[in-house]
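Have the structure open as you read.

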Amino acid sequence: MSWNKTSVASTAPLNQIAQTFSLKQNFAGSHHLRAKTNSEGQTVIYQKHFSTTKFLAILGSAGAKATIRKQRQLANHLLSETVGKEYGSGTVDNIQLRGHAPLRGYQVEAMQAHAAVAAAVDQMGLQQSNADRDFIDRVSKMARDHVYQLPPEAMAGRRLYEAKLFIIRTIVDDGLSFHFRHQPETLKKKLSELNSLCGSLQYSPFAKSLDLTVAAGLSSLLKSDENPVIHQLETHIAMARQRRGERA
């Protein structure tokens with residue numbers, strides 16, 4: 001007995017898995033992903049809305065429960081491997097150690113958001129900065145919410161870029177809001193310029209190396225009276241990197 005069985009190769013990228021199972025629209029208890037070797041000898045991640053195994057498990061069969069548990073554990077293991085492949089080998093441990101949602105088969109989209117932000121925070125060196133822990137947690141949560149809203153087809157590279165850009169924008173936004181707190185009109189103008197510069201970053205030489213020096217360069221430029229354009233930003237980022245190198 002089996003209804004609405006859907007499967008995808010275990011080697012599929014996370015965005016393909018999320019699209020295949022339409023997890024955002026599935027609220028029934030049957031949406032846990034499972035994995036097994038199919039009749040052709042291929043390992044697949046799959047979803048069954050109903051099966052004899054699930055029915056027997058509901059009735060209390062220890063064997064059926066063990067089978068489902070084993071298949072879910074395999075699915076979670078395969079998904080974890082994909083996270084490591086797409087976002088870096090240490091990302092799975094980072095997600096678990098930092099109190100994020102467990103890597104569960106029915107949370108692929110949330111898992112991608114957690115992985116992208118954890119990788120971004122790690123690559124940007126935010127944990128090693130002087131930033132307050134509560135601030136890092138707050139920015140990370142906001143970044144996860146932002147990345148989670150990306151379309152299902154968004155690849156890992158885009159999710160990582162969006163996470164880094166969101167973190168940079170939030171850091172600079174907070175700094176400007178404090179610096180110009182007594183000048184509301186100036187603050188409004190500066191935040192508009194920040195949005196414009198962030199929109200231009202993807203076309204700049206820094207698109208592939210977004211880090212805290214980019215945030216420092218943005219903040220420095222926008223607090224000055226210089227023209228807020230990418231050319232000027234490059235100078236401020238170079239100065240920020242020089243200062244960082246001297247501190248190191």
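A word on terms before the helix pair: axes are lines fitted to C-alpha atoms, for helices over the stretch in contact, and angles run from 0 to 180 degrees between N-to-C directions. Keep in mind that this is a predicted model.

Now to the pair itself. Helix α7 (residues 156-179) packs against helix α8 (residues 184-201) at an angle of about 160°, and their axes are 11 Å apart. Angles over 145 degrees count as roughly antiparallel, so α7 is roughly antiparallel to α8. The α7/α8 crossing is right-handed. On the α7 side, the contact is made by Y161, L165, R169, V172, D173, L176 and S177, while α8 brings L187, K190, L191, L194, N195, C198 and L201.

Next, have a look at α5. Helix α5 covers residues 108-124, 17 residues in total, and reaches 24 Å from its first C-alpha to its last, close to the 24 Å expected at 1.5 Å a residue. Why is α5 described as largely enclosed by the rest of the structure? Because 14 of its 17 residues are buried. Just after α5 comes G125, with a positive phi of about 75°.

Zooming out, here are some totals for the protein:

| Item | Value |
|---|---|
| Secondary structure | 10 helices and 5 strands |
| Buried residues | 44% of the 248 residues |

As for contacts between residues at least 6 apart in sequence, 65% join residues at least 24 apart.

Notes:
Residues numbered from 1 in each chain as written. Predicted model: local features only at pLDDT ≥ 70, side-chain atom pairs only at ≥ 80, totals over all residues. Heavy atoms only, no water. Helix = DSSP H or I, 4+ residues; strand = E, 2+ residues; numbered from the N terminus. Buried < 20%, exposed > 50% of the residue type's maximum accessible area, 1.4 Å probe, protein only. Contact = heavy atoms within 4.5 Å. Expected span 1.5 Å × (residues − 1). Parallel < 35°, antiparallel > 145°, perpendicular 65-115°, else oblique. Left-handed = near helix turned anticlockwise from the far one by under 90°.
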